[in-house]
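Keep the structure open while reading.

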Amino acid sequence: MRILAIETSCDETAAAIVEDGEKILSNVIRSQIKQHAPHGGVFPQIAAKAHLDAIMPVIELALQEASLSLLQIDAIAVAHTPGLLGSLMVGVETAKTLAYATGIPLIGVNHIEAHLYAAIMHSKQRDFPALGLILSGGHSMLVKIDGIGSYSLLGNTMDDALGEAYDKVARVMGLAYPGGAALEKLALEGDPMAFPFKAGSSKTNPYALSFSGLKTQVFYAIRDNPHYNRADIAASFQRAAISDLVKKSKAAILAYDLKALYLGGGVAQNQTLQNTLKEALSTPLYAPPAILCSDNAAMIAGLAFHKKESSFELAAQPTGNFSLFF
Ligand code: KG4
Ligand code: ZN
């Protein structure tokens, strides 16, 4: 079964074709980063307009790269939640129109669940029950995976997502948006113990995440040390964030007797994070390659293979329902 998927939840216009949930036939991503960088973050109206301009050429390219015509497609999938309303609407309405005009079934997919599925799709391993760690620009959470489509939430972020914290820290250090990757690079040259930064915790849930206080500690350190070493700040911030994730992941794996860790989302590209988790865990770590960590439509097309057909009432929904991925 060949599924064409559309992804427009934030600032990437993407289309991909995946066969039987795993085999990627094409994966086209058009990033809007250049348009948003001058604003230091994603500007919603610019994002929606850029999606409108790019969506049809991107879909056409995805079909071309797979050497397929639209009528050789078995289902049209779209990320309909969560994300920016104007951005999501472009993808959802395009998918509905294509499905209506051709009679091809429509499938709505949750973007966050798809980030998790990227690691399952790429590894082709199903070591369940497992821990899922989703770390993106908008979401950060630990979930227990009992199967594809069967999850329970262990801990969510109480404030900032990790990618957001990376981007904000990078911004105060003068790095261009989105600064996550540049911050990781800078951290490699610094002393991770130079500053005693620490990520936050909840008194009631050992798996809840918090990065807002950590970000504030960084801001104060910069304010109080005018001649601060940027690499030391980056390395100490990253050490604090990663050691917190390692500690909470290990605790969850032990408490629930989990067989593996599946990592997903834009921050999952971070090699220091991947290497530290690998060293610390006794279970396998499955992380997708960079192209499947950040926003892409291949993960949407892959996951859609495991989902039911949607009706034309499918609507763009900016805030997702995490209890859990419906
Ligand atoms: O999943 P994603 O592409 O978009 C959302 O759905 O949010 O994640 C983007 C986030 C950005 O905050 C970006 O700075 C971060 O992922 N990111 C990284 C790295 N590469 C991208 N964060 C830390 N280290 C990296 N190497
Ligand atoms: Zn994402």
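How are the donor residues of the zinc ion (ligand 2) spaced in sequence? The pattern is H-x3-H-x179-D. Within this pattern, His115 and Asp295 link distant parts of the chain, 180 residues apart. His115 sits in helix α4 (residues 111–123). Asp295 lies in the loop between α10 (290–293) and α11 (298–304). The model is a predicted one.

**The zinc site**

The zinc ion (ligand 2) is coordinated by His111 through NE2, His115 through NE2 and Asp295 through OD, at 2.0 to 2.1 Å. Both His115 and Asp295 are buried. Why is the arrangement around the zinc ion (ligand 2) called irregular? The four donor atoms subtend angles of 95 to 139°, and the tetrahedral class requires all angles to lie between 85 and 135 degrees. For reference, the ideal angle for four tetrahedral donors is 109.5 degrees.

Ligand 1 is surrounded by 19 residues. The closest are Gly137, Asp167, Glu184, Gly266 and Asn270. Two of the zinc donors, His111 and Asp295, also have side-chain atoms listed in the table of distances to oxygen atoms of ligand 1.

| Residue | Part of the residue | Distance to an oxygen atom of ligand 1 |
|---|---|---|
| His111 | polar side-chain atom | 3.3 Å |
| Gly266 | polar backbone atom | 2.9 Å |
| Asp295 | side-chain N or O atom | 3.1 Å |

On its own, ligand 1 has 560 Å² of accessible area, and the protein covers 88% of that.

Is Asp160 buried or exposed? Asp160 counts as buried because its relative accessibility is 8%, and the cut-off for buried is under 20%. Asp160 is placed in the loop between β8 (150–156) and α5 (162–172). Its side chain makes a polar contact with the side chain of Lys215, at 2.7 Å. Leaving aside neighbours within four places in sequence, Asp160 is in contact with Lys168, Phe211, Ser212 and Lys215.

Helix α5 follows. Its buried residues include Leu162, Gly163, Ala165, Tyr166, Asp167, Val169 and Ala170. Asp167 is also among the residues closest to ligand 1. Just after α5, Gly174 takes a positive phi of about 80°.

Conventions:
Residues are numbered from 1 along each chain as its sequence is written. Chains are lettered from A and ligands numbered from 1 in the order in which they are written. This is a predicted model: local features need pLDDT of at least 70, side-chain atom pairs count only at pLDDT 80 or more; totals for chains, interfaces and linings use all residues. Side-chain values use heavy atoms; hydrogens and water are left out. Donors are N, O and S atoms within 2.8 Å of the metal (3.2 Å for Na, K and Ca); water is not among the atoms, so sites may look incomplete. Four donors count as tetrahedral if all angles lie between 85 and 135 degrees; four count as square planar and six as octahedral if opposite donors are over 155 degrees apart and all others between 65 and 115; anything else is irregular. Helices (H or I, at least four residues) and strands (E, at least two) are DSSP runs, numbered from the N terminus. Buried means under 20% relative accessible area, exposed over 50%, partly exposed in between (1.4 Å probe, protein chains only). A residue is near a molecule or strand if one of its heavy atoms lies within 4 Å of it. A polar contact is a pair of N or O atoms within 3.5 Å; within protein, one must be able to donate a hydrogen and the other to accept it, and residues adjacent in sequence count only if both atoms are side-chain atoms. Accessible areas come from the Shrake-Rupley method with a 1.4 Å probe; for residues, only the protein chains shown count as cover. Contact means heavy atoms within 4.5 Å.
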